[in-house]
There are 6 protein chains.
Amino acid sequence: MSGVVVTGCPRADLTDVDRLAGYGVATVHEAIGRAGYLGAHLRPILDGLRIGGTAVTVLCQPGDNLMIHVAVEQCRAGDLLVVTTTSPSTDGMFGELLATAVQARGVRGLVIDAGVRDVADLRRMRFPVWSRAISAQGTVKATAGAVNVPVVIGGQVVRPGDAVLADDDGVVCVARGQIEAALEASAARAAGEVEGRAAFAAGQLSLDRYDLRPRLTELGIRYVGAEDAGRDEGAGG
Amino acid sequence: MSGVVVTGCPRADLTDVDRLAGYGVATVHEAIGRAGYLGAHLRPILDGLRIGGTAVTVLCQPGDNLMIHVAVEQCRAGDLLVVTTTSPSTDGMFGELLATAVQARGVRGLVIDAGVRDVADLRRMRFPVWSRAISAQGTVKATAGAVNVPVVIGGQVVRPGDAVLADDDGVVCVARGQIEAALEASAARAAGEVEGRAAFAAGQLSLDRYDLRPRLTELGIRYVGAEDAGRDEGAGG
Amino acid sequence: MSGVVVTGCPRADLTDVDRLAGYGVATVHEAIGRAGYLGAHLRPILDGLRIGGTAVTVLCQPGDNLMIHVAVEQCRAGDLLVVTTTSPSTDGMFGELLATAVQARGVRGLVIDAGVRDVADLRRMRFPVWSRAISAQGTVKATAGAVNVPVVIGGQVVRPGDAVLADDDGVVCVARGQIEAALEASAARAAGEVEGRAAFAAGQLSLDRYDLRPRLTELGIRYVGAEDAGRDEGAGG
Amino acid sequence: MSGVVVTGCPRADLTDVDRLAGYGVATVHEAIGRAGYLGAHLRPILDGLRIGGTAVTVLCQPGDNLMIHVAVEQCRAGDLLVVTTTSPSTDGMFGELLATAVQARGVRGLVIDAGVRDVADLRRMRFPVWSRAISAQGTVKATAGAVNVPVVIGGQVVRPGDAVLADDDGVVCVARGQIEAALEASAARAAGEVEGRAAFAAGQLSLDRYDLRPRLTELGIRYVGAEDAGRDEGAGG
Amino acid sequence: MSGVVVTGCPRADLTDVDRLAGYGVATVHEAIGRAGYLGAHLRPILDGLRIGGTAVTVLCQPGDNLMIHVAVEQCRAGDLLVVTTTSPSTDGMFGELLATAVQARGVRGLVIDAGVRDVADLRRMRFPVWSRAISAQGTVKATAGAVNVPVVIGGQVVRPGDAVLADDDGVVCVARGQIEAALEASAARAAGEVEGRAAFAAGQLSLDRYDLRPRLTELGIRYVGAEDAGRDEGAGG
Amino acid sequence: MSGVVVTGCPRADLTDVDRLAGYGVATVHEAIGRAGYLGAHLRPILDGLRIGGTAVTVLCQPGDNLMIHVAVEQCRAGDLLVVTTTSPSTDGMFGELLATAVQARGVRGLVIDAGVRDVADLRRMRFPVWSRAISAQGTVKATAGAVNVPVVIGGQVVRPGDAVLADDDGVVCVARGQIEAALEASAARAAGEVEGRAAFAAGQLSLDRYDLRPRLTELGIRYVGAEDAGRDEGAGG
């Protein structure tokens, strides 16, 4: 699919995306069945952010950011750029000038499975970025790639128009057709978490709250006093 | 040793642990003979913390946090959870609800050779964590492991009740039976550092302070003027 | 070249180094032809710093910081210590006492392709460090290495007296003989960036500003409407 | 999609798959537009194999091979097992007994983004395996996963029934609907390679054969005699 | 414990060690409760070996093989050298001359969590080695370490005199006091494998042989025909 | 230095290079002061090779092998291609057709800090390759780089015309001007190894042969009987 720019992609509804983002990445990821997480290697350049947007996807040759320049034209308010490369790279493919350009179009942030640079400027602009690396290493603008085709990051497919949510825990993608279900499941999960939080703060054990003790019996877990545990057992780990 | 929960483990004396923590991880690690350091891959989620506690150890299957839930019941005030997995994992095995539960029991923090999540919440709660990764990736509660058996992190054995100290430099473990010796050696070392700091600030060279010049001679180190050093030597490194 | 300490090395002019540092690492790296970047693995211990200095280079055995002690004596105001090891290491080879010693001599900071420790103290002192790791793991003072010989970090040669610049994007080295050219090229590039920034903020596309559309045609890039793009294409990435 | 076993999946035509495998992984990967390669981390346990088959996909919890046992029943002659885990693992999830079981059903081999064991036996049986690791570390049979759902390895989607080809260069996946096109493109490419091989053996330069010299001019590449190239240039890389 | 050489360590009985080695690493590792495996990063330099021996343990500073030289004197017939370093290293710490020396004393092989060199010679001598790396990088003989103290590799403790077994699947350690139990459990497991192998070759499913179908029901695993499975589900993995 | 092809580079004398190669990589690396080793990550695609040649160096953009095609024209009999990229890559940049082309010109082999492909063919041709990876992932021919400029691999500078030697232990580079010295030092070292080998085979200890016992005393190494060593010491490593 190299050499293609798909235009006019339908987007997830922004109001829905924003409501979903409010639940946080970990809660949404659990609510949709422990799915869609893009991996622990994507870290934010600023702490304390929590954003959502609709994906404009970009597939680049490593060391070449031509297709990001192409993608800018396809962005509109509420979008979030999602960039990956055809083989692994940490080069700094995106910096302050590109951030200025996309911010002017209402783009909410960047998720990139490669490097960014000018991070001091990006932090000053409070432009949200989740990346695999920070690197001053520059790139060329020479090779074809694709815009708005499905891409894969951390083993998860991101399609143009999907909801992409990001906070201090990383990035999760929710397929456009599953947002309503995700909203319901997240609301239910968040409600349960409110109650659980109160119970745990009051001293209830999760062993009891989640009724895990029968499972322990089933697994044959034995409780042994320290005085009987023996001193010479090897170390596991 | 899978399937065992050891109860009623003796702990190191908390007053001693707190005094030891005050010296800092690097100083204690040096004082006990450059030992007990759990590795550079464990990083804090907050800067500027310095804590100590008595280890409650947890051995989990990767992708499964059942035994952390089991461990909560074994925790008391002054403890510090030390969690590892039977093979490497970065999954987010611990989050805000578990932190709420253990904070209610007086647990001082978490050292985990795997991932944590809900880090925005954990930072808000100022709950101290040193981990290998931050990851929203969720886990199951399905498989037996062990609580309060010796575990190994970064090639170091941590036994239940041992003193575990952590700050911006990482985590060090001091065996329960060696704390007194560690306190003495750390005090001596810290005293030496006070004097050294003053001397270095005043311009003394460590070559002289540590009497290293005879060692340089012994090693055959030569001083050569730049004009004689030649321009065309290959690069080392 | 082990066992050599080169003395009296000529340094790049400090006024020039400071002017160059002002342009930032990414801009200078681009201006000198996308060269001299020491790699994305070197990260600062403090955000928001931007410094430059003249290199005093140190080559150590892993786990042994003897030659850093030797190097201190060779440092003068405006220098920046650049340390590497003969094989990879993350041990904490440099801490607060050494920082105190070199700060007393006017050294501006440390670039180390290994670990540092006492980072809480180093941050308090605002001593600038770029390192591969933070680690309390201590080192010995036993083995010969070299001071002020060419060293290699991230595949780049750093020679004593070269200009070394560092900020949030990492570290770049500019050879002593190329600083004038680097200043000119950086000034030109920075001027262009000022205009570009204004144009992008006003909504101009980089496709147009850099005249990239003919290149897209040449590469055979096709624009396809989403309705024609097909739903079942495999995922790239 | 955890907890699902999809039965009766349509498969790519085996005659086509075998013809495609004959071209080799690198040629097919190039012919389909440099796509479908599962990554350099998957290595064969035997050299000199070249096989193809239709994918039966398996998604497991790390450290748990229950779903491979479930998948065996879904296999038939000509299939190739394609196994991945929900988060990274090197555990030995597959050994001689499972190989005996699937060989009895006509399965042609295994591609696993995790570990295998009993490799001495597997080599004796000449059972083809491409894996991320060799590891004796055993696994449990405790947790739900999925069989014959789309899985992702090395950023590429593998769907049940797709053609999977493997040789000493690694593994490539061709979607069921694209095999005819892949056969045509591979045949064309292989024909070109025959001619190219003869020409290169006879001394023709690829610069001339592929008409690359105008591109060099366009890129501004200069030829400089060694005597003019200067001795003191810094090292790139 | 640096600076200590423990002499006259009791060894596991060699006849027992040899019988245990005969079962293979994977079988013994399973039989002793999925324990003792030293990790997938240790690979043999020759295929098809299967050996066992009694551990002589060595703890070295990275880049320094002094303590291996010290250890040679402590070796006797039937021993196996087990070497690790105080922090990670891939340097070539052991080569043909050391192999000649230990072979003259009846040492059966080497397990090293670092690098080896002269591998062409070692292969010619058929000297068995499992290592983390092959590297010509030489080392010094300068720093104290320890011989015959407990060491940790891959999170497993190896004590002097323990049985260490190695084959194409890697290396496993069995504590001296657990060898009798390991022999019994391995014999039972191997017997079961013989029967299982025959049953699987004859076409029995492991789902039936291990009675896993009730577990599938319990886990809620559903079987769905491909025609009902939907075409548009996202990719897991 | 991008965009430059240096022609007519002087080469090391081939007779000398061949004599040097005969000593083996590890011996030469030691003889020249433990220098010039290109790193443990470069592995041969065939065991048992030992070759030397004169370097033709190539610097490529990752994912782009244009400059290898340019380099072919600069090769002559006795040369060895040494290829690296401006940032890390494992893509398969070199395959059977390029091997055919360079073999026709008398090139002896390839050292590449990236990937190769068509390895089954390369093995059949017995074309020697040392690489970082084996990967079918293809590359483009689009971007400028350089030929016959100094490059850096594994922290070592390789200059055009330098002697590059490779065997099962990896790759070492000897600067053109240092070959005579390297020959002398290697001969001396090899002679010493012959005597050492005989002595060690006859049972002499290296502790005695290298006179290491005084060093042990100096380091304070203590010998302790196992019965006095205590059973409960923590595990190092």
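**Helix α4 of chain B**

Begin the tour at helix α4(B), whose buried residues are covered by elements including α6 of chain A together with α3 (66-72), β4 (79-85) and α5 (119-124) of chain B. The model is predicted, so local features need pLDDT of at least 70 and side-chain atom pairs count only at pLDDT 80 or more, whereas totals for chains, interfaces and linings use all residues. Residues are numbered from 1 along each chain as its sequence is written, chains are lettered from A and ligands numbered from 1 in the order in which they are written, and side-chain values use heavy atoms, with hydrogens and water left out. Helices (H or I, at least four residues) and strands (E, at least two) are DSSP runs, numbered from the N terminus.

Within α4(B), select Glu96(B), Leu97(B), Leu98(B), Ala99(B), Thr100(B), Ala101(B) and Val102(B), which are buried. Here buried means under 20% relative accessible area, exposed over 50%, and partly exposed in between, with a 1.4 Å probe and protein chains only. Because seven of its eight residues are buried, α4(B) is largely enclosed by the rest of the structure.

**From chain B into chain A**

Axes are lines fitted to C-alpha atoms, for helices over the stretch in contact, and angles run from 0 to 180 degrees between N-to-C directions.

By class, the contact of α6(A) with α4(B) holds four nonpolar, two polar and three charged residues. In this scheme Ala, Val, Leu, Ile, Met, Phe, Trp, Tyr, Cys and Pro count as nonpolar, Asp, Glu, Lys and Arg as charged, and the others, Gly among them, as polar.

**Within chain A**

Keep α6(A) and bring in helix α1 (residues 14-22) of chain A, which packs against α6(A) at an angle of about 30 degrees, with the axes 10 Å apart. That angle makes α1(A) roughly parallel to α6(A), and their crossing is left-handed. Asp16(A), Arg19(A) and Leu20(A) of α1(A) make the contact with Ile179(A), Ala182(A), Leu183(A) and Ser186(A) of α6(A). The residues of this α1(A) and α6(A) contact comprise four nonpolar, one polar and two charged.

Now show the whole of chain A, which has eight helices and 12 strands. Its C-alpha trace spans about 70 × 45 × 35 Å along the principal axes, and 64% of its 237 residues count as buried.

Next, centre on Asp118(A), in the loop between β5 (110-116) and α5 (119-124) of chain A. Although it is not a glycine, Asp118(A) has a positive phi of about 60 degrees. Asp118(A) is buried, with a relative accessible area of 17%.

**From chain A into chain C**

Select helix α4 (residues 96-103) of chain A with helix α6 (residues 179-201) of chain C: they pack at an angle of about 20 degrees, with axes 7 Å apart. That makes α4(A) roughly parallel to α6(C). The contact joins Glu96(A), Leu97(A), Thr100(A) and Ala101(A) of α4(A) to Glu193(C), Gly196(C), Arg197(C), Phe200(C) and Ala201(C) of α6(C).

In chain C, pick out Leu81(C), Phe94(C) and Val116(C), which touch the most other members among the 65 residues of the largest nonpolar core. Such a core is a set of buried Ala, Val, Leu, Ile, Met, Phe, Trp, Tyr and Cys residues joined through side-chain atoms within 4.5 Å. Not counting residues up to four places away in sequence, Leu81(C) touches residues including Val56(C), Ile68(C), Cys75(C), Phe94(C) and Val107(C).

**Loops in chains B and F**

Return to chain B and select Arg34(B), in the loop between α2 (25-31) and β2 (43-44). Arg34(B) has a positive phi, near 55 degrees, and is partly exposed, with a relative accessible area of 33%.

Finish at Pro88(F), in the loop between β4 (79-85) and α4 (96-103) of chain F. Pro88(F) is exposed, with a relative accessible area of 57%, and its C-alpha atom is separated by 10.0 Å from that of Arg132(F), 44 residues apart along the chain.

Key: Parallel < 35°, antiparallel > 145°, perpendicular 65-115°, else oblique. Contact = heavy atoms within 4.5 Å. Left-handed = near helix turned anticlockwise from the far one by under 90°.
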